[in-house]
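The following exercises concern one protein chain. Please examine the sequence and the structure before reading the solutions.

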Amino acid sequence: MSIETFFPYRLAVVAEAFSRQLVAVYGQEHGLTREEWRLLFLLEGAGTLDSLQLSQRTSLDKVQVSRAASRLQDKGLITREILGSDRRLRNYAITPAGRDLFGRAFAGVRARAEGILQAMSQDDRAALIQGVEALGRAIADSDGSAPQPPKKN
C-alpha cells in the first residue's frame, strides 16, 4: 500500500488543503492565526468561556489557548480575567472589536468554504457531511475522543 491511498493520510491532506483555503481569508486578510480564529469563533457564539471550557471545545491544549488568548487580548479582541484563587483558571470574553473583526472574517470564510463546497455535486456534499458525522461517531464509539460538533445557533 502506498501512503497516497492510505485513508487517514488522504483525509489529513484534504482537510489541510481545505483549511489553507480558509486561512487565506482569516489569516492573510484579517491577521488571525488558526488558534486565534478558533478562540474568537467559540467566544463569539458563547459570549464568555473559561480556560477549561475553551480547551475542551477545541483541539487546542491549554498552552495553545493561553498563548492565543494573550495575543487576542493584546489586539483588544478579547478580555481575560483570573477566576478565583486558582491563577491558572481564566475567564475569556469577546470585545465589541472582536465581534466586529470576527463578523467580517466569518463572512469571507463562509463565502470561501461555500464556494469550494458548491463545486461538488449536491449528492457529494450530502455524502461528505454524512461521512464526517459517521466518522466522528465511530471515533467516539471506539475511544471517546471524537471532537464535539459545534452547537447549532
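**Exercises with solutions**

Of the 153 residues of the protein chain, 27% are buried (under 20% relative accessible area, with a 1.4 Å probe and protein chains only; exposed is over 50%, partly exposed in between). The model is predicted, so local features need pLDDT of at least 70 and side-chain atom pairs pLDDT 80 or more, while totals for chains, interfaces and linings use all residues. Residues are numbered from 1 along each chain as its sequence is written, and side-chain values use heavy atoms, without hydrogens and water.

**Exercise 1.** State the order of the elements in the protein chain.

Step 1. The chain has 6 helices and 3 strands (DSSP runs: H or I of at least four residues for helices, E of at least two for strands, numbered from the N terminus).
Step 2. Read from the N terminus, the order is α-α-β-α-α-β-β-α-α.

**Exercise 2.** Determine how H2 and H4 are oriented to each other.

Step 1. The axes of H2 (residues 34-46) and H4 (residues 62-74) come within 9 Å and cross at roughly 80 degrees; axes are lines fitted to C-alpha atoms over the stretch in contact, with angles from 0 to 180 degrees between N-to-C directions.
Step 2. H2 and H4 are therefore roughly perpendicular (65 to 115 degrees).
Step 3. Contact (heavy atoms within 4.5 Å) involves Glu35, Glu36, Leu39 and Leu40 of H2, and Gln64, Val65, Ala68, Ala69, Arg71 and Leu72 of H4.

**Exercise 3.** Classify Tyr9 by its relative accessibility.

Step 1. Tyr9 lies in helix H1 (residues 7-29).
Step 2. Because its relative accessibility is 33%, Tyr9 counts as partly exposed.

Methods: Angles under 35 degrees count as roughly parallel, over 145 as roughly antiparallel, 65 to 115 as roughly perpendicular and the rest as oblique.
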